[in-house]
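This briefing describes a ligand site and the cavity that goes with it. Please read it alongside the sequence and the model.

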Amino acid sequence: MASNTLSPSPELPELFLALKRTESTFEEIPVIDLANACSKDTVARRKLADLIRDACINVGFFYIKSHGISEDLIEKTVDVAKTYFALPEETKMELDIHKTPNFKGYTALFGENTDSNGLGDLHEGFDLGWEPAIDSTQVDTSAEAPRNDGAMSGENVWPTGLPGFKETVLDYYQRVLQVGQLLFPLFALALDLPENYFDDKTTKPAAIMRLLHYPPQNPTSFETDPDGRQIGIGAHTDYECFTILWQDRSGGLQVQNTAGKWVDAVPIPGTLVVNLGDQFARWTNDIFKSTLHRVINRSGTERYSIPLFFGTDYDVRLEPIPTCVTPGSPYKYEIMTAGEYVKSRLEATYAHSAPVASAA
Ligand SMILES: O=C(O)CCC(=O)C(=O)O
Ligand SMILES: [Fe+2]
C-alpha cells in the first residue's frame with residue numbers, strides 16, 4: 001500500500017517514530033477486524049495494532065468490523081434521527097446551535113461552511129456531547145464524575161415531544177464511546193507507547209456526536225460548479241483524535257490521497273469508518289494522518305450519517321509524543337488544550353452563519 005517512504009536520517013535510532021513518516025499515496029481504505037481488540041494474547045493485540053499503525057501512517061482512514069454495536073440499535077438511532085429532521089424548520093431552529101456556548105443543538109442547511117472556500121454545506125445536523133445514558137443498566141456510565149470542560153463547557157440541548165429520541169441517541173452515543181475506548185489502547189500500541197498511555201488523558205470522554213442529514217445533491221449543479229463550492233460537506237479534516245462514523249448506503253464520502261485524488265469510502269455493511277483527526281496529527285507531529293475528506297450525495301436519495309468525534313479531555317494539552325519529533329522534523333504546531341483547539345475550529349466553521357452582534 002505504502003510508497004515513497006522517506007529515508008530515515010542515519011544518526012537517529014530506529015525506535016524514533018518520526019522515522020516511520022511517509023508520503024505514501026493510497027487507492028483503497030483498509031478494513032480492520034477488531035475481534036482481537038481485547039484478546040489476552042499480547043501478540044494478537046500487537047498484530048492488530050500493526051494494521052492500525054499502517055492505516056494511520058499511510059491513509060488516516062480505515063473501516064472496522066466486529067465493533068459490537070447491534071444493527072438493531074443503529075436502525076433505531078437512524079429512525080429517531082429521521083423523525084427529528086422531519087420536524088418543521090422553526091421547531092428545529094428553537095435549538096439553533098448558535099444559542100449555546102458549546103455548539104450543541106441544531107445546524108440548519110448551509111449553517112456550516114466546513115471548507116472556508118465553500119458556499120455553505122448542504123446538510124443539516126444535530127450535535128450533542130457527553131451525557132450519561134438514561135438506561136444505565138445497558139451501558140457503563142462510570143465516567144459520571146463532575147466535569148469541567150473548560151472552553152467546551154455546557155449542557156446538551158434536546159428536542160421535546162419526540163418520545164424515545166434522547167434515550168436512543170444517548171444509548172447509541174455510549175456504545176460508540178465504548179468502541180472508542182477500545183481503540184485508544186490500540187492507537188497507543190501502534191505508536192509504540194504503553195497501552196494505557198491515553199487513559200489519564202481520556203478520563204471524561206470528550207466526544208461530540210452528530211446526527212447528519214444530506215438532501216440529495218443535484219448532480220448537475222456539482223458539474224456546473226466544478227470547484228465543488230456547494231456540496232454535502234466541504235473538504236475538511238476532523239478536529240479530535242479520531243472519528244467513528246456510521247454511514248447509510250447512499251455513498252458519497254470521499255477521502256483525498258496525497259496525489260490529490262478523491263477515493264470513495266464506499267459503504268460496507270456491518271462496518272463503521274474510523275478516521276484520524278487533527279488532535280492525533282498534533283500528538284504525532286503528522287505521522288498519523290488527519291486526512292482531508294468531503295461528502296457529495298449524488299445518490300438521488302436522502303443520506304444519513306452519524307459521526308462521533310472522540311478527543312482527549314478538553315483540559316489536556318496537545319503536546320508532541322517525544323519519539324515523533326526529531327531535529328530533522330521539529331514540532332509544527334502551537335501547543336494548546338484540546339478544548340481550545342476544538343472550540344476554535346468550531347467557531348471558524350460556524351462563523352458565516354452566526355448572528356451578527358447588534359451595535360451598541
Ligand atoms: O457524513 C459523512 O459521511 C462524513 C461527515 C464528516 O466528515 C464530518 O461530520 O466531519
Ligand atoms: Fe469529517
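Predicted model: local features only at pLDDT ≥ 70, side-chain atom pairs only at ≥ 80, totals over all residues.

Residues are numbered from 1 along each chain as written, chains are lettered from A and ligands numbered from 1 in the order written, and side-chain values use heavy atoms, without hydrogens and water.

**Shell around ligand 1**

- The residues around ligand 1 (a heavy atom within 4 Å of it) are Leu212, Tyr214, Ile233, His236, Asp238, Leu245, His293, Val295, Arg303, Ser305, Pro307 and Phe309.
- This shell divides into 7 nonpolar, 3 polar and 2 charged residues, where Ala, Val, Leu, Ile, Met, Phe, Trp, Tyr, Cys and Pro count as nonpolar, Asp, Glu, Lys and Arg as charged, and the others, Gly among them, as polar.

**Polar contacts and cover**

- Polar contacts here are pairs of N or O atoms within 3.5 Å.
- Ser305 has a polar side-chain atom 2.7 Å from an oxygen atom of ligand 1.
- For Asp238 the distance from a polar side-chain atom to a ligand 1 oxygen atom is 3.1 Å, and a side-chain N or O atom of His293 also lies 3.1 Å from an oxygen atom of ligand 1.
- Of the 300 Å² of accessible area that ligand 1 has on its own, the protein covers 95% (Shrake-Rupley method, 1.4 Å probe).

**Strands**

- Two or more shell residues come from each of β5 (206-214), β6 (233-236), β11 (293-295) and β12 (303-311); strands are DSSP runs of E, at least two residues, numbered from the N terminus.
- β12 gives the most to the shell, with 4 residues.

**Cavity**

- Ligand 1 takes up the space of the largest cavity: more than half of its atoms lie within 2 Å of the grid points.
- A cavity is a set of points, on a 1 Å grid over the protein atoms alone, where a 1.4 Å probe fits but cannot get out; lining residues have an atom within 4 Å of a point.
- The largest cavity holds about 290 Å³, the volume being the space filled by probe spheres set on the points, which are joined across faces, edges and corners.
- Among its 23 lining residues, Ile233, His236, Asp238, Pro307 and Phe309 are the closest to the centre.

Technical notes
Polar contact = N/O pair within 3.5 Å; in protein donor to acceptor, adjacent residues only side chain to side chain. 1 Å grid on protein atoms, 1.4 Å probe; cavity = no way out; pocket = protein on both sides within 12 Å on 5 of 7 lines; lining within 4 Å.
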